[in-house]
Amino acid sequence: MIPRISVFPKCYFDPLVSGEMDYLAWIRSAPALGGEGVEHYDGFFRSLADRDVDPVIAAMAETGQVSSMLCFSPDFTHPEPDEQARQIDRQKAAIDLTVRLGTRYCRTLSGQARPGLTRADGIARTVDGLRRSLEYAEQRDVVLCMENHYKDGTWRYPEFAQPEDIFLEILDRVDSPHLGVQYDPSNAIVGGYDPIRFLDRVLPRVVTMHASDRSLAPGATLDDLRERDGATGYSDKLRHGEIGKGLIDYPAIFTRLARAGFSGWISVEDGVNGLDELARSVAFLKGMRDRHYRSH
């Protein structure tokens with residue numbers, strides 16, 4: 001078994017969330033990009049009612065595509081108990097949507113790093129939210145994939161578990177075969193830690209991966225990115241770019257993935273500079289995969 005490459009429309013995130021762009025149109029255009037699957041985001045659906053989900057499933061079938069995973073962003077660190085409970089309900093609904101889409105993998109997060117949130121409280125709320133969600137995930141045979149994330153595009157504040165040590169502590173405290181890691185090397189760089197060292201630490205639990213490549217805007221530094229300024233979305237100091245032409249050491253990553261026998265989905269977050277770039281990123285990852293897995 002070798003990894004499969006899927007595509008995620010990072011370039012159209014905002015118009016798809018707002019409804020300005022038709023998600024069915026994106027799905028019908030995706031096969032031309034060369035991917036082997038499609039990653040979904042729950043915010044691309046107008047609702048989780050049959051009338052809004054069934055057409056997506058039908059479009060996937062009509063175009064001969066499969067769903068790799070569902071990208072979902074719970075906010076388990078919210079300070080209000082009622083909202084914490086609602087976030088768990090949201091995670092359960094995302095698990096149901098994952099099953100309906102025909103995949104087993106659902107991306108999950110910790111929540112926002114709001115001002116005043118202590119490390120202890122943030123970890124406790126995240127662990128509680130994950131454990132309660134996992135009870136349902138196990139019933140539905142879904143794997144929650146916790147990503148070392150930067151900031152959801154719709155959030156005001158950055159990811160609470162963005163720092164490596166916090167992410168690892170949460171992961172170590174929740175031991176379940178239904179909780180794995182969605183490894184994102186670009187987000188490791190944004191978080192200020194080494195993506196290869198991090199991969200070595202979490203590799204036994206990696207079940208999915210996000211692939212992109214990043215570079216810094218002229219004059220920007222990694223310290224600039226780590227400032228928690230409360231801005232919505234990604235920092236303007238960060239540049240997405242074609243995979244293989246940025247800061248990420250993909251040969252080192254694929255050497256480790258192949259050696260470990262990783263066979264999960266690798267989903268491409270690209271296209272910010274055009275869909276032709278996304279297609280080239282897919283081709284790059286396929287070539288990297290084929291070379292490294294053939295040698296192992």
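Tutor: Let's start with Glu147, which is buried, with a relative accessible area of 0%. Keep in mind that this is a predicted model.
Student: Okay! Why does 0% make Glu147 buried?
Tutor: Buried means under 20% relative accessible area, so Glu147 at 0% qualifies.
Student: Which strand is Glu147 in?
Tutor: Glu147 belongs to strand E5, which covers residues 143-147.
Student: And which side chains does the side chain of Glu147 make polar contacts with?
Tutor: One partner is the side chain of Arg107, at 2.5 Å. Another is the side chain of His210, at 3.5 Å.
Student: How far is Glu147 from Phe167?
Tutor: Their C-alpha atoms are 8.8 Å apart in space, and the two residues are 20 apart in sequence. Phe167 is also among the residues in contact with Glu147, as are Gln182, Asp184 and Asn187.
Student: New topic: Asp213. Is that one buried or exposed?
Tutor: Asp213 counts as buried because its relative accessibility is 0%. You'll find Asp213 in strand E8, residues 213-216.
Student: What does the side chain of Asp213 reach?
Tutor: Backbone nitrogens! The side chain of Asp213 reaches that of Leu247 at 3.1 Å, and that of Ile248 at 3.1 Å.
Student: Which other residues is Asp213 in contact with?
Tutor: Leaving aside neighbours within four places in sequence, the contacts of Asp213 include Ser186, Arg239, His240 and Tyr250.

Conventions:
Residues numbered from 1 in each chain as written. Predicted model: local features only at pLDDT ≥ 70, side-chain atom pairs only at ≥ 80, totals over all residues. Heavy atoms only, no water. Helix = DSSP H or I, 4+ residues; strand = E, 2+ residues; numbered from the N terminus. Buried < 20%, exposed > 50% of the residue type's maximum accessible area, 1.4 Å probe, protein only. Polar contact = N/O pair within 3.5 Å; in protein donor to acceptor, adjacent residues only side chain to side chain. Contact = heavy atoms within 4.5 Å.
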